[in-house]
Each structure stands twice: as structure tokens, then as C-alpha cells.
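Please view the sequence and the structure first.

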Amino acid sequence: MTTAAPTQTEGQHGITAHSDGAGRVIPVQTRSERFSSYDVADFPAVTGREAVWKLSPVAQFTNLTAGELDGSPTPIAHDDVDGFSVEWISRDDARVGSAGVPEERASANAWSSFDQALAISVTGEESKTLRLERSGLGDGARAAHTVITAAPFSRGLIIIENAGDARLTENVEIIVGEQADVTVVTVQWWDDDAVHLASHFASIGRDAHLKHVVVSLGGKVVRVNPTLHLAGQGSDLDSLGVYFSDAGQHLEQQVYMHHDAPNTRGRVTYKGALQGEGARSVWIGDVLISNRAVGTDSYEQNRNLVLSDGTRADSVPNLEIETGDIAGAGHASATGRFDDEQLFYLQARGIPEDEARRLVVRGFLVEIIQQIGDTELQERLSAAIEAELLGADGQGTGGAQH
């Protein structure tokens with residue numbers, strides 16, 4: 001699938017030149033009209049002025065948007081679990097391309113470059129958990145592609161953990177069959193200098209449920225952008241994210257939830273904390289309720305807790321509604337420092353200030369962590385956040401605590 005390619009008077013992602021003045025641009029009329037293509041050659045070079053890149057440190061990953069990529073299979077490790085299959089498949093496998101099309105150059109570069117896709121299949125109606133670890137990617141620019149397919153009525157939890165060094169751009173497709181109920185968790189434990197750009201595409205079938213969780217703790221630049229399509233009647237989505245940006249880190253997520261069928265339900269909740277000079281987070285939440293999506297129940301929110309000076313959190317919720325026949329829709333965004341009343345309450349009961357601050361942060365982020373559904377991972381994430389909070393002078397500990 002390819003929409004009309006940009007011309008000389010047309011910018012990336014459907015931003016077009018205004019008719020009454022050279023150089024002036026207007027955005028596409030709706031989020032679903034963005035330019036998309038599998039071919040990296042269809043996208044102009046990234047400058048950082050494009051709408052999709054304007055909050056990203058594009059100079060730090062030019063080799064992923066413009067350079068040649070190693071598309072060989074990435075090193076992985078996993079246990080054999082009944083109800084899951086894990087295999088490498090060819091580019092021309094019918095499952096590849098089932099969930100979405102790249103909307104920016106890094107994603108298209110990965111799509112144009114991968115040799116084989118990692119295919120994870122979920123079958124069987126019994127609940128089960130697959131843990132997959134990926135590390136040892138090295139410092140060369142790489143591409144990757146993953147396809148997760150949940151058969152109708154299947155149930156399962158998939159945890160993908162990323163660690164070590166990396167310069168990676170990738171696409172992850174998630175296809176959830178009718179009445180399936182799956183959770184997909186990706187955890188970024190990357191080393192301090194790692195760069196990771198990821199586009200996730202999910203298609204949720206009739207009366208199916210997807211819980212999609214993004215956890216970003218390590219890495220220098222981590223950008224995970226989920227596009228989540230509620231395509232079947234009665235489809236249900238919980239999109240969750242938790243992140244902790246410390247000194248010099250850039251953690252970004254651009255979430256797109258598209259209600260495209262009747263009686264769908266969607267919840268987007270991302271929470272993050274920032275600590276240390278130069279800590280940066282970006283969250284952009286786009287929700288589109290199409291004219292077919294009558295009876296929709298939708299809500300998105302992003303909350304950021306600022307722990308020190310020298311940080312920056314960008315939080316931009318957007319909501320488009322094309323039908324008036326909905327159950328409800330809304331969005332919220334907030335960025336702030338500690339609640340002084342909470343600190344006073346804890347200190348008044350003999351808890352030292354430093355410990356009181358850690359309790360407040362843990363309480364703030366635990367709402368997301370506890371919804372993952374895996375006790376072992378939840379405990380490790382809680383320990384990693386505690387280590388971040390104990391980092392000397394707000395420097396944090398990167399992704400070394402996994």
C-alpha cells in the first residue's frame with residue numbers, strides 16, 4: 001500500500017504547501033490521511049522540521065533514517081512454551097504487512113531493509129506467557145521486523161525485553177483475531193548510548209482485546225510509536241506506557257488510537273518521571289473516531305512527574321470525532337512537580353523527605369506496572385525505578401538494572 005508520494009511542494013506526512021504563499025504549510029485534515037509507504041525512497045530526507053520529527057533529536061540517528069541497514073535476524077533467546085510458536089519467516093510471507101504501513105522514513109527504512117521477520121504465533125485458549133530477550137545487537141545500524149499473530153479465541157502474554165547496545169529501527173505488527181485476548185509488553189533496558197526507533201502496528205478484530213504496554217527505562221534515544229487500529233466490532237484496547245527519563249535521555253512515544261468499528265472501547269494511559277539535567281520526554285496522543293465507530297467509548301491521558309530542574313516534558317493530546325453517536329470520548333494531559341501535601345503528610349508521620357519522595361514516585365508509576373500481569377517482571381521494574389530514584393545527583397542508572 002502506498003498513498004500519493006510527496007511532490008516538491010508537498011512535505012512529509014501529507015503536510016502540503018499553502019495555496020497563497022510559498023513555504024507556508026497546512027497539516028492534513030485528519031490523522032488517517034498521513035502519507036504512508038513501504039518504500040523508503042518514497043520519503044524525503046528527514047530534516048527535523050517535519051511534524052512527526054519536530055520534537056525528536058534527528059541528528060542523533062541519521063544513520064537509521066538515511067543510511068544502509070543490516071537487515072539480518074537479530075539475536076534472540078526464549079523458552080519453548082506450549083501455545084506459542086517462534087520462527088523466522090521470509091519477507092513475502094502473507095502475515096507481513098497485515099497490520100499497517102510505515103508513515104515515516106525510519107520505519108520505511110526498516111521495512112525496506114529487513115531480510116527475515118520474526119513471527120510469534122499465539123494459539124490455544126489457555127492463558128500462558130512467552131518471554132523473549134533480545135541483546136547483542138552491537139553498534140552498527142540495524143533493521144528488524146516482528147509479526148505477532150493471535151489466533152481467534154487465543155489467550156497469551158508476550159514479553160519482549162531489549163538490552164545491551166543497539167542502533168536499531170524496526171517495525172512490530174500485531175494481529176489480534178476474533179475474541180482473542182492478548183497482552184504484548186516491550187521493555188527497553190538498553191545501555192546508556194543505545195538508539196532505538198520502533199513503529200508498532202496493531203489490528204484488533206471483532207470482540208477481541210489487546211493490552212499493549214511500552215516500558216522505556218534505558219537508552220540514549222528511545223522512540224516507540226504505536227498505531228492501534230480497533231478494526232472489528234466490539235474490539236477493546238488498553239494502551240499503557242511507563243517511562244523514566246534521566247540525565248541526557250530522550251524518551252518518546254507517539255500513540256495513535258483509531259476507532260474504526262461500532263461499539264469499540266479504548267483506553268490510553270501513559271505515565272512518566274523525569275530527573276536530571278537534559279532529561280526529556282515526548283508524548284503525542286492522537287485519537288480518531290471514524291464515522292463508522294458508533295457507540296465508541298474512548299479516553300487517553302498522559303501524566304508526567306518532574307523530579308528536578310533541567311528537564312522537559314512535551315505532552316500533546318489530540319482528539320478527532322467524525323460521528324456524534326458515541327458513548328464517550330475525552331483526553332487529559334498534566335505535567336507537574338511533587339504534590340507538597342503528599343510529602344507533608346508522609347513527613348508528618350516520621351518518614352524522611354528522600355524516602356517520602358521515592359514513595360510518591362513509586363505510587364505514581366505503579367498504576368501502570370501493576371497492570372502488566374506478570375509478577376516477576378513487575379518486581380524487576382519496581383526495583384529498576386527505585387534504582388533510578390537513588391541515582392547520584394539525578395544521574396540515574398540507565399538500563400543496567402534488568
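This is a predicted model: local features need pLDDT of at least 70, side-chain atom pairs count only at pLDDT 80 or more; totals for chains, interfaces and linings use all residues.

## A negative surface patch

Asp79, Asp80, Asp82 and Glu133 form a negative surface patch.

## Salt bridges in the model

Side chains of opposite charge can pair when their charged atoms come close. How many salt bridges does the count come to? The total is 24 salt bridges, where a side-chain nitrogen of Lys or Arg has to lie within 4 Å of a carboxyl oxygen of Asp or Glu.

Aspartate 260 and arginine 292 are joined by a salt bridge between their side chains, with an N to O distance of 2.3 Å. This pair links distant parts of the chain, as the two residues are 32 residues apart. Aspartate 260 lies in the loop between β15 (250-259) and β16 (265-274), and arginine 292 in the loop between β17 (280-289) and β18 (297-306). Is aspartate 260 buried or exposed? With a relative accessible area of 13%, aspartate 260 is buried, because buried means under 20%. Arginine 292, at 48%, is partly exposed.

A salt bridge also connects aspartate 297 with arginine 267, and their closest N and O atoms are 3.1 Å apart. Here too the pair links distant parts of the chain: aspartate 297 belongs to strand β18 and arginine 267 to strand β16, 30 residues apart. Aspartate 297 has 27% relative accessibility and is partly exposed. Arginine 267 is also partly exposed, with a relative accessible area of 24%.

## A pair within a helix, and its network

Arginine 380 and glutamate 376 form a salt bridge through their side chains, at 2.7 Å from N to O. Glutamate 376 is partly exposed, at 35% relative accessibility.

This pair belongs to a network of salt bridges. The residues linked in the network are Arg131, Glu161, Asp374, Glu376 and Arg380.

Terms used
Residues are numbered from 1 along each chain as its sequence is written. Side-chain values use heavy atoms; hydrogens and water are left out. Helices (H or I, at least four residues) and strands (E, at least two) are DSSP runs, numbered from the N terminus. Buried means under 20% relative accessible area, exposed over 50%, partly exposed in between (1.4 Å probe, protein chains only). Patches are made of residues with over 30% relative accessible area and no salt bridge: like charges are joined within 9 Å, nonpolar side chains (Val, Leu, Ile, Met, Phe, Trp, Tyr) within 5 Å. Accessible areas come from the Shrake-Rupley method with a 1.4 Å probe; for residues, only the protein chains shown count as cover. Lys and Arg count as positive and Asp and Glu as negative; His and the chain ends are not counted. The place of a charge is taken as NZ of Lys, CZ of Arg, CG of Asp or CD of Glu.
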